[in-house]
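Thanks for coming, everyone. I would like to take you through one structure today, starting with a pocket and ending with some aromatic contacts.

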Amino acid sequence: SGKGGPMTGNKDEAVSEEQMKRYSKMMRRDVHIQDYKIGWFKSIEKCVKGDELYYWLRKKVTDSNEEKIENLLNEMITQGLIHQIEPIPTEDDPFDSDYYYRFQQDTPNRAANMGYSPDPDSSESALELSKKLVQQISTFYSKYTKETAEGDLTIQTELFRGTSDLSAVEQLSAQLQSVDLDEMNSQETTCFFLNVFQVMFVHCLISGEDELEASGGVLSKLTSILAVKKTTVMDTFFYSIGGLHFSLNEIKHGVLRGNKKNPECYFKYFGRSDPRANLLPNSFDRRYHLVLYDIGEMPESLVAFEPDTLNEKLDKLCVEFANSQIQLDYEQELVLPKFLQTYKDDIASNEEEMLRWIFRHAENPPISLKKVLRGLQSKNLVIRYV
(Lines give C-alpha, C1' and ligand atoms only; values in the text may rest on other atoms or scores of the structure.)
Protein backbone atom coordinates (compact mmCIF):
# COMPACT_ATOMS: atom_id res chain seq x y z
CA SER A 1 0.00 0.00 0.00
CA GLY A 2 1.06 3.63 -0.53
CA LYS A 3 2.89 5.58 2.12
CA GLY A 4 2.59 9.23 2.99
CA GLY A 5 -0.32 9.41 5.44
CA PRO A 6 -3.99 10.21 4.83
CA MET A 7 -4.88 12.49 1.93
CA THR A 8 -7.21 15.45 2.04
CA GLY A 9 -9.26 16.71 -0.83
CA ASN A 10 -12.19 18.91 0.20
CA LYS A 11 -13.86 20.69 -2.69
CA ASP A 12 -12.88 24.12 -1.35
CA GLU A 13 -9.33 23.14 -0.45
CA ALA A 14 -6.54 24.17 -2.80
CA VAL A 15 -4.38 21.16 -3.58
CA SER A 16 -0.95 22.13 -4.85
CA GLU A 17 0.48 20.78 -8.09
CA GLU A 18 3.27 19.08 -6.15
CA GLN A 19 0.76 17.37 -3.84
CA MET A 20 -1.26 16.12 -6.78
CA LYS A 21 1.89 14.70 -8.38
CA ARG A 22 2.75 12.92 -5.15
CA TYR A 23 -0.75 11.45 -4.91
CA SER A 24 -0.68 10.24 -8.52
CA LYS A 25 2.71 8.57 -7.99
CA MET A 26 1.39 6.77 -4.89
CA MET A 27 -1.68 5.68 -6.79
CA ARG A 28 0.32 4.48 -9.79
CA ARG A 29 2.47 2.36 -7.48
CA ASP A 30 -0.54 0.58 -5.97
CA VAL A 31 -3.16 0.11 -8.71
CA HIS A 32 -3.13 -2.62 -11.35
CA ILE A 33 -1.78 -1.36 -14.67
CA GLN A 34 -1.96 -3.60 -17.74
CA ASP A 35 -2.72 -3.75 -21.47
CA TYR A 36 -6.41 -4.15 -22.37
CA LYS A 37 -7.99 -5.48 -25.55
CA ILE A 38 -10.84 -3.34 -26.88
CA GLY A 39 -13.01 -5.16 -29.41
CA TRP A 40 -11.49 -7.56 -31.92
CA PHE A 41 -8.53 -5.64 -33.23
CA LYS A 42 -7.70 -2.77 -30.87
CA SER A 43 -5.69 -2.82 -27.67
CA ILE A 44 -4.62 -0.06 -25.27
CA GLU A 45 -1.33 -0.20 -23.40
CA LYS A 46 -0.51 0.43 -19.74
CA CYS A 47 -3.95 1.48 -18.55
CA VAL A 48 -5.98 1.24 -15.37
CA LYS A 49 -9.75 0.97 -15.02
CA GLY A 50 -11.62 4.00 -13.72
CA ASP A 51 -13.16 2.20 -10.77
CA GLU A 52 -9.71 1.22 -9.48
CA LEU A 53 -8.70 4.88 -9.31
CA TYR A 54 -11.96 5.77 -7.62
CA TYR A 55 -11.80 3.09 -4.93
CA TRP A 56 -8.10 3.70 -4.26
CA LEU A 57 -8.89 7.33 -3.43
CA ARG A 58 -11.97 6.39 -1.39
CA LYS A 59 -9.69 4.25 0.76
CA LYS A 60 -6.91 6.84 1.09
CA VAL A 61 -8.71 10.17 1.38
CA THR A 62 -10.02 11.21 4.77
CA ASP A 63 -13.74 12.12 5.03
CA SER A 64 -14.18 11.04 1.44
CA ASN A 65 -17.37 11.19 -0.55
CA GLU A 66 -18.17 10.75 -4.21
CA GLU A 67 -17.95 14.46 -5.01
CA LYS A 68 -14.59 14.86 -3.28
CA ILE A 69 -13.08 11.84 -5.05
CA GLU A 70 -14.27 13.00 -8.45
CA ASN A 71 -12.90 16.48 -7.78
CA LEU A 72 -9.46 15.02 -7.04
CA LEU A 73 -9.50 12.78 -10.11
CA ASN A 74 -10.68 15.60 -12.34
CA GLU A 75 -7.89 17.80 -10.99
CA MET A 76 -5.37 15.08 -11.85
CA ILE A 77 -6.78 15.01 -15.37
CA THR A 78 -6.61 18.83 -15.60
CA GLN A 79 -2.96 18.77 -14.53
CA GLY A 80 -2.19 16.05 -17.06
CA LEU A 81 -1.21 13.49 -14.42
CA ILE A 82 -3.73 10.98 -15.76
CA HIS A 83 -5.34 10.85 -19.19
CA GLN A 84 -8.72 9.61 -20.34
CA ILE A 85 -8.43 6.82 -22.90
CA GLU A 86 -11.14 5.79 -25.36
CA PRO A 87 -13.98 5.34 -24.89
CA ILE A 88 -14.33 8.83 -23.41
CA PRO A 89 -16.24 8.54 -20.12
CA THR A 90 -19.73 9.97 -19.77
CA GLU A 91 -20.47 12.75 -17.30
CA ASP A 92 -22.83 10.47 -15.34
CA ASP A 93 -20.23 7.92 -14.24
CA PRO A 94 -16.74 8.84 -15.51
CA PHE A 95 -14.89 6.47 -13.17
CA ASP A 96 -16.63 3.24 -14.01
CA SER A 97 -14.91 -0.09 -14.81
CA ASP A 98 -15.87 0.36 -18.47
CA TYR A 99 -13.53 3.34 -18.85
CA TYR A 100 -9.76 3.41 -18.96
CA TYR A 101 -7.12 5.87 -17.82
CA ARG A 102 -3.38 6.12 -18.28
CA PHE A 103 -0.85 7.78 -16.00
CA GLN A 104 1.33 10.46 -17.53
CA GLN A 105 4.46 8.36 -16.90
CA ASP A 106 3.01 5.53 -19.02
CA THR A 107 2.32 7.68 -22.08
CA PRO A 108 3.83 5.91 -25.11
CA ASN A 109 6.98 7.51 -26.54
CA ARG A 110 7.31 10.00 -23.70
CA ALA A 111 10.77 11.22 -22.73
CA ALA A 112 11.74 10.25 -19.18
CA ASN A 113 12.61 13.87 -18.33
CA MET A 114 9.30 15.38 -19.45
CA GLY A 115 7.35 14.87 -16.22
CA TYR A 116 7.89 18.56 -15.46
CA SER A 117 8.20 21.69 -17.54
CA PRO A 118 11.60 23.42 -17.57
CA ASP A 119 12.00 26.59 -15.51
CA PRO A 120 11.99 29.48 -18.02
CA ASP A 121 13.94 31.67 -15.60
CA SER A 122 16.88 29.26 -15.25
CA SER A 123 20.18 30.74 -16.43
CA GLU A 124 22.30 27.61 -15.91
CA SER A 125 24.46 26.56 -18.83
CA ALA A 126 24.03 23.11 -20.38
CA LEU A 127 27.39 21.92 -19.04
CA GLU A 128 26.80 23.21 -15.50
CA LEU A 129 23.37 21.58 -15.48
CA SER A 130 24.84 18.23 -16.55
CA LYS A 131 27.42 18.37 -13.74
CA LYS A 132 24.71 19.25 -11.22
CA LEU A 133 22.63 16.30 -12.42
CA VAL A 134 25.58 13.90 -11.95
CA GLN A 135 26.08 15.14 -8.40
CA GLN A 136 22.37 14.85 -7.59
CA ILE A 137 21.78 11.39 -9.00
CA SER A 138 25.06 10.11 -7.51
CA THR A 139 23.60 10.84 -4.07
CA PHE A 140 20.41 8.94 -4.83
CA TYR A 141 22.31 6.09 -6.47
CA SER A 142 24.36 5.46 -3.33
CA LYS A 143 21.21 5.83 -1.22
CA TYR A 144 19.25 3.14 -3.08
CA THR A 145 22.02 0.64 -3.82
CA LYS A 146 23.25 -2.06 -1.49
CA GLU A 147 25.79 -4.83 -1.66
CA THR A 148 24.58 -8.43 -1.79
CA ALA A 149 26.11 -11.31 0.16
CA GLU A 150 28.04 -12.22 -2.99
CA GLY A 151 29.56 -8.74 -3.15
CA ASP A 152 27.47 -7.54 -6.10
CA LEU A 153 25.58 -4.25 -6.20
CA THR A 154 21.80 -4.26 -6.40
CA ILE A 155 19.30 -1.39 -6.60
CA GLN A 156 16.25 -1.12 -4.36
CA THR A 157 13.97 0.33 -7.02
CA GLU A 158 10.83 -0.26 -4.97
CA LEU A 159 12.07 2.25 -2.37
CA PHE A 160 12.83 4.90 -4.99
CA ARG A 161 9.53 4.90 -6.86
CA GLY A 162 6.99 7.44 -5.68
CA THR A 163 9.48 9.32 -3.49
CA SER A 164 10.43 12.99 -3.47
CA ASP A 165 13.89 11.86 -4.63
CA LEU A 166 12.44 10.66 -7.93
CA SER A 167 10.56 13.94 -8.28
CA ALA A 168 13.82 15.83 -7.69
CA VAL A 169 15.53 13.89 -10.50
CA GLU A 170 12.59 14.51 -12.83
CA GLN A 171 12.46 18.22 -12.01
CA LEU A 172 16.16 18.87 -12.56
CA SER A 173 16.45 16.67 -15.65
CA ALA A 174 13.46 18.53 -17.12
CA GLN A 175 15.76 21.54 -17.53
CA LEU A 176 17.60 19.60 -20.25
CA GLN A 177 14.58 20.13 -22.50
CA SER A 178 15.53 23.77 -23.05
CA VAL A 179 19.35 23.73 -23.08
CA ASP A 180 21.20 25.18 -26.07
CA LEU A 181 23.51 22.52 -27.50
CA ASP A 182 24.98 25.02 -29.96
CA GLU A 183 26.45 27.17 -27.20
CA MET A 184 29.11 24.56 -26.36
CA ASN A 185 32.41 23.83 -28.08
CA SER A 186 33.50 20.28 -28.89
CA GLN A 187 35.13 19.54 -25.52
CA GLU A 188 32.22 20.99 -23.58
CA THR A 189 29.81 18.93 -25.68
CA THR A 190 31.85 15.81 -24.93
CA CYS A 191 31.71 16.45 -21.18
CA PHE A 192 28.02 17.28 -21.37
CA PHE A 193 27.05 14.02 -23.07
CA LEU A 194 29.36 11.89 -20.90
CA ASN A 195 27.60 13.40 -17.89
CA VAL A 196 24.09 13.07 -19.31
CA PHE A 197 24.65 9.45 -20.37
CA GLN A 198 25.62 8.50 -16.81
CA VAL A 199 22.61 10.36 -15.42
CA MET A 200 20.21 8.70 -17.86
CA PHE A 201 21.69 5.26 -17.23
CA VAL A 202 21.33 5.52 -13.45
CA HIS A 203 17.89 7.16 -13.79
CA CYS A 204 16.89 4.15 -15.86
CA LEU A 205 18.31 1.73 -13.28
CA ILE A 206 16.81 3.29 -10.16
CA SER A 207 13.45 3.71 -11.89
CA GLY A 208 13.41 -0.02 -12.57
CA GLU A 209 13.03 0.49 -16.33
CA ASP A 210 15.79 -2.04 -17.03
CA GLU A 211 14.23 -4.91 -15.05
CA LEU A 212 13.18 -6.94 -18.09
CA GLU A 213 16.64 -6.94 -19.65
CA ALA A 214 18.61 -7.20 -16.40
CA SER A 215 16.59 -10.19 -15.19
CA GLY A 216 17.14 -12.08 -18.41
CA GLY A 217 13.56 -11.63 -19.61
CA VAL A 218 12.50 -11.97 -23.22
CA LEU A 219 13.69 -9.00 -25.27
CA SER A 220 11.41 -7.58 -27.89
CA LYS A 221 12.78 -7.69 -31.42
CA LEU A 222 12.40 -5.31 -34.29
CA THR A 223 12.68 -7.23 -37.53
CA SER A 224 13.03 -5.93 -41.06
CA ILE A 225 14.05 -7.50 -44.35
CA LEU A 226 17.59 -6.19 -44.00
CA ALA A 227 18.30 -6.42 -40.26
CA VAL A 228 17.35 -8.02 -37.00
CA LYS A 229 18.07 -5.74 -34.08
CA LYS A 230 17.48 -6.30 -30.38
CA THR A 231 15.41 -3.47 -28.96
CA THR A 232 16.25 -2.96 -25.30
CA VAL A 233 15.70 -0.23 -22.77
CA MET A 234 18.90 1.34 -24.15
CA ASP A 235 16.77 2.23 -27.18
CA THR A 236 13.46 2.98 -25.48
CA PHE A 237 14.63 5.04 -22.47
CA PHE A 238 15.24 8.55 -23.75
CA TYR A 239 15.48 12.21 -22.75
CA SER A 240 14.39 15.36 -24.52
CA ILE A 241 17.54 17.50 -24.78
CA GLY A 242 17.53 20.88 -26.44
CA GLY A 243 14.39 20.01 -28.40
CA LEU A 244 15.84 16.73 -29.67
CA HIS A 245 15.28 13.17 -28.44
CA PHE A 246 18.26 11.07 -27.34
CA SER A 247 18.05 7.45 -26.20
CA LEU A 248 20.90 5.87 -24.25
CA ASN A 249 22.09 4.09 -27.39
CA GLU A 250 21.81 7.24 -29.48
CA ILE A 251 24.11 9.08 -27.08
CA LYS A 252 26.48 6.13 -26.78
CA HIS A 253 26.78 5.16 -30.44
CA GLY A 254 25.40 8.16 -32.30
CA VAL A 255 27.05 10.98 -30.37
CA LEU A 256 30.01 9.80 -28.30
CA ARG A 257 31.18 7.04 -30.67
CA GLY A 258 30.90 9.42 -33.62
CA ASN A 259 27.78 7.79 -35.13
CA LYS A 260 29.40 4.37 -35.39
CA LYS A 261 27.17 1.33 -35.75
CA ASN A 262 26.01 -0.54 -32.70
CA PRO A 263 27.68 -4.00 -32.92
CA GLU A 264 24.17 -5.49 -32.79
CA CYS A 265 22.83 -3.35 -35.61
CA TYR A 266 23.52 -3.02 -39.33
CA PHE A 267 22.69 0.65 -39.50
CA LYS A 268 23.93 3.87 -37.93
CA TYR A 269 21.61 5.62 -35.50
CA PHE A 270 21.67 8.96 -37.30
CA GLY A 271 21.24 9.68 -41.00
CA ARG A 272 23.23 12.37 -42.79
CA SER A 273 20.51 15.00 -42.41
CA ASP A 274 19.91 14.30 -38.71
CA PRO A 275 20.97 17.35 -36.64
CA ARG A 276 22.33 15.00 -33.98
CA ALA A 277 24.77 13.33 -36.37
CA ASN A 278 27.48 15.98 -36.29
CA LEU A 279 27.48 17.00 -32.65
CA LEU A 280 30.85 15.27 -32.08
CA PRO A 281 32.31 14.19 -35.43
CA ASN A 282 35.55 12.19 -35.30
CA SER A 283 36.29 12.89 -31.66
CA PHE A 284 35.89 9.46 -30.06
CA ASP A 285 38.28 8.45 -27.28
CA ARG A 286 38.51 4.79 -26.24
CA ARG A 287 38.50 5.86 -22.60
CA TYR A 288 34.84 6.90 -22.95
CA HIS A 289 33.91 3.22 -22.83
CA LEU A 290 34.74 3.20 -19.12
CA VAL A 291 31.53 5.15 -18.46
CA LEU A 292 29.42 4.02 -21.43
CA TYR A 293 27.67 1.21 -19.57
CA ASP A 294 25.28 -1.37 -20.95
CA ILE A 295 22.35 -3.27 -19.47
CA GLY A 296 23.44 -5.65 -16.74
CA GLU A 297 26.34 -3.44 -15.66
CA MET A 298 26.36 -1.53 -12.38
CA PRO A 299 28.64 1.51 -12.10
CA GLU A 300 30.38 1.79 -8.74
CA SER A 301 30.26 5.58 -8.91
CA LEU A 302 29.64 8.45 -11.31
CA VAL A 303 32.06 11.09 -12.56
CA ALA A 304 31.17 14.72 -13.33
CA PHE A 305 33.29 15.75 -16.30
CA GLU A 306 34.39 19.25 -17.25
CA PRO A 307 36.88 20.37 -19.92
CA ASP A 308 39.71 21.48 -17.61
CA THR A 309 40.00 18.06 -15.94
CA LEU A 310 38.58 15.76 -18.64
CA ASN A 311 41.88 14.01 -19.50
CA GLU A 312 42.91 13.77 -15.87
CA LYS A 313 39.63 12.11 -14.86
CA LEU A 314 39.65 9.75 -17.84
CA ASP A 315 43.22 8.68 -17.00
CA LYS A 316 42.20 8.10 -13.39
CA LEU A 317 39.35 5.87 -14.60
CA CYS A 318 41.86 3.92 -16.69
CA VAL A 319 44.02 3.28 -13.61
CA GLU A 320 41.02 2.23 -11.52
CA PHE A 321 39.81 -0.01 -14.33
CA ALA A 322 43.19 -1.68 -14.89
CA ASN A 323 43.71 -2.26 -11.17
CA SER A 324 40.28 -3.82 -10.59
CA GLN A 325 39.37 -5.62 -13.81
CA ILE A 326 42.46 -7.64 -14.73
CA GLN A 327 41.97 -11.13 -13.29
CA LEU A 328 44.03 -14.29 -13.63
CA ASP A 329 42.09 -17.53 -13.39
CA TYR A 330 44.20 -20.59 -12.44
CA GLU A 331 47.15 -18.98 -14.25
CA GLN A 332 45.72 -20.22 -17.57
CA GLU A 333 43.06 -17.60 -18.32
CA LEU A 334 43.31 -13.84 -18.34
CA VAL A 335 39.80 -12.63 -17.54
CA LEU A 336 38.81 -9.25 -19.01
CA PRO A 337 35.51 -7.34 -19.34
CA LYS A 338 33.31 -8.20 -22.31
CA PHE A 339 33.22 -4.67 -23.74
CA LEU A 340 36.90 -4.97 -24.68
CA GLN A 341 35.90 -7.72 -27.11
CA THR A 342 32.63 -6.15 -28.23
CA TYR A 343 34.28 -2.85 -29.06
CA LYS A 344 37.72 -4.15 -29.95
CA ASP A 345 37.93 -1.91 -33.02
CA ASP A 346 37.36 1.15 -30.81
CA ILE A 347 40.01 0.10 -28.30
CA ALA A 348 42.97 -0.93 -30.47
CA SER A 349 44.00 -2.22 -33.89
CA ASN A 350 44.90 -5.65 -32.44
CA GLU A 351 44.86 -7.63 -29.21
CA GLU A 352 48.46 -6.92 -28.27
CA GLU A 353 47.93 -3.17 -28.57
CA MET A 354 44.83 -3.47 -26.38
CA LEU A 355 46.78 -5.37 -23.71
CA ARG A 356 49.59 -2.82 -23.76
CA TRP A 357 47.04 -0.03 -23.25
CA ILE A 358 45.46 -1.80 -20.26
CA PHE A 359 48.69 -2.88 -18.59
CA ARG A 360 50.19 0.58 -19.01
CA HIS A 361 47.70 1.78 -16.39
CA ALA A 362 47.88 -1.24 -14.05
CA GLU A 363 49.84 -0.61 -10.86
CA ASN A 364 50.05 -4.16 -9.48
CA PRO A 365 48.74 -6.59 -12.12
CA PRO A 366 48.43 -10.28 -11.13
CA ILE A 367 50.69 -11.16 -14.07
CA SER A 368 53.18 -9.14 -16.10
CA LEU A 369 52.43 -8.05 -19.65
CA LYS A 370 55.56 -9.88 -20.81
CA LYS A 371 54.26 -13.17 -19.38
CA VAL A 372 50.82 -12.57 -20.90
CA LEU A 373 52.21 -12.00 -24.39
CA ARG A 374 54.54 -14.99 -24.08
CA GLY A 375 51.70 -17.17 -22.79
CA LEU A 376 49.37 -16.15 -25.60
CA GLN A 377 52.06 -16.85 -28.18
CA SER A 378 52.77 -20.31 -26.77
CA LYS A 379 49.03 -20.96 -26.24
CA ASN A 380 49.61 -21.65 -22.54
CA LEU A 381 47.38 -18.68 -21.73
CA VAL A 382 44.03 -17.64 -23.18
CA ILE A 383 41.88 -14.54 -22.76
CA ARG A 384 38.33 -14.98 -21.56
CA TYR A 385 35.94 -12.05 -21.86
CA VAL A 386 33.09 -11.89 -19.33
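Predicted model: local features only at pLDDT ≥ 70, side-chain atom pairs only at ≥ 80, totals over all residues.

**The pocket and its aromatic neighbours**

The largest pocket has a volume of about 1500 Å³, where the volume is the space filled by probe spheres set on grid points that are joined across faces, edges and corners. A pocket here, on a 1 Å grid over the protein atoms alone, is an open set of points where a 1.4 Å probe fits, with protein on both sides within 12 Å along at least five of seven lines, and its lining residues have an atom within 4 Å of a point.

Residues are numbered from 1 along each chain as its sequence is written, and side-chain values use heavy atoms, with hydrogens and water left out.

The lining of the largest pocket comprises 47 residues, and Tyr293, Asp294, Glu297, Met298 and Phe339 lie nearest the centre. Which element gives the largest share of that lining? It is α11, with 7 residues; the elements that each supply at least two include β8 (228-230), α10 (248-256) and β12 (333-336), helices being DSSP runs of H or I with at least four residues and strands runs of E with at least two, numbered from the N terminus. By residue class, the lining divides into 20 nonpolar, 12 polar and 15 charged, with Ala, Val, Leu, Ile, Met, Phe, Trp, Tyr, Cys and Pro taken as nonpolar, Asp, Glu, Lys and Arg as charged, and the others, Gly among them, as polar.

Turning to the rings, there are 9 aromatic pairs, counted for Phe, Tyr and Trp (its six-membered ring) when centres lie within 6.5 Å, with planes under 30 degrees apart called stacked, over 60 edge-to-face and the rest tilted. Phe193 and Phe246 have ring centres 5.3 Å apart and planes at 55°, so this pair is tilted. Because Phe193 lies in helix α7 and Phe246 in strand β10, the pair ties together parts 53 residues apart in sequence. Phe246 is buried at 0% relative accessible area, buried meaning under 20%, with exposed over 50% and partly exposed in between (1.4 Å probe, protein chains only).

A second tilted pair joins Phe201 and Tyr293, at 5.5 Å centre to centre and 40° between the planes. Here Phe201 is in helix α7 and Tyr293 in the loop between α10 and α11, 92 residues apart. Tyr293 is buried, with 11% relative accessible area.
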